[in-house]
Amino acid sequence: MKVLGIYASTAAAVLLCLASFADKVDTSRARDVFCAAILQLRKTPAEQLPKQLDEFLSQQLDIPQHVPLAQAQERRRQVLIGVAALFDGHATLASNIVTRDTFANIARPEEKALQRQIGDRLEFAGRNDAGLHFFLSIGLTADLGPFLAERLGRAKEIQDAQRLDAAPAPGQQGYSFVDLAYDIAGIEYARRLLDAQRLPDDAGWAAPPSLSEFLAPLATLDLPEGLGWKRFQAEYTGENHAKFEALVRKIRTAVGAPTQP
């Protein structure tokens, strides 16, 4: 376990160093988006939440034509960060040393209950944690880029696997390829929106993909979860690393993501 601790500390230091090179975000706009999302979604029934999120994102991401492209794409980045903050009711992003500079001041302490209220109602394929992984990964991608976002998602699953072995407790999932799938889906969703170009003939922006339709292929995948660290190492590392890569490719194919983040 001591070696694992050193590994985790070193990995965190490398990620923090890389994150320091990411472009900083003007969070005042992200704060405005966050507040607008709370006002629009706070009373939305659970079954209508994905559709209402689709409509909210379409409205917020359709930047006027007169705004220069680079500035418009930066605004879209701010929108994604503001929406991701809505689902950060447990301060996963706001308290993480890598992302707290961006997320710590978007939500006020008195808004935590509203964040959790909305986040707890969002489900995909009957899983509440799926929505949280998806939107937090959108926020990570908008803040740090796809590469670092996926590395942080993988590191979180390793941490979960280590915790399961060290002190099993109710509710612990260990390493979950399902969680990783929704991480990768959030990264791909954000990447598409941030890389998007305006439509020709002043037609505005292409609408973001429907959340339910975009995520539907993940529900058809048979992905392992509940893996402790020892089992994960035995089945998916070393000479068995190809099995891990095959599962990741399966996930990427399902959401139309490129081979590498």
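Among contacts in the protein (heavy atoms within 4.5 Å) between residues at least 6 apart in sequence, 76% join residues at least 24 apart. This is a predicted model: local features need pLDDT of at least 70, side-chain atom pairs count only at pLDDT 80 or more, and totals for chains, interfaces and linings use all residues. Residues are numbered from 1 along each chain as its sequence is written, and side-chain values use heavy atoms, with hydrogens and water left out.

The protein has 12 helices and zero strands. Helices here are DSSP runs (H or I, at least four residues; strands are E, at least two), numbered from the N terminus. Of the 261 residues, 49% are buried, meaning under 20% relative accessible area with a 1.4 Å probe, protein chains only. The protein exposes about 12,600 Å², and carbon and sulfur atoms supply 55% of that area. Areas come from the Shrake-Rupley method with a 1.4 Å probe.

| Helix | Residues | Residues in the contact |
|---|---|---|
| H4 | residues 69-86 | Arg77, Leu80, Ile81, Val83, Ala84 |
| H7 | residues 128-144 | Phe135, Leu136, Ile138, Gly139, Ala142, Asp143 |

The axes of H4 and H7 come within 8 Å and cross at roughly 145°. Axes are lines fitted to C-alpha atoms over the stretch in contact, and angles run from 0 to 180 degrees between N-to-C directions. The residues of this contact divide into eight nonpolar, one polar and two charged.

Glycine 153 lies in helix H8 (residues 146-166). Glycine 153 counts as buried because its relative accessibility is 9%. Its C-alpha atom is separated by 8.6 Å from that of aspartate 179, 26 residues apart along the chain.

Definitions and conventions: Buried means under 20% relative accessible area, exposed over 50%, partly exposed in between (1.4 Å probe, protein chains only). Ala, Val, Leu, Ile, Met, Phe, Trp, Tyr, Cys and Pro count as nonpolar, Asp, Glu, Lys and Arg as charged, and the others, Gly among them, as polar.
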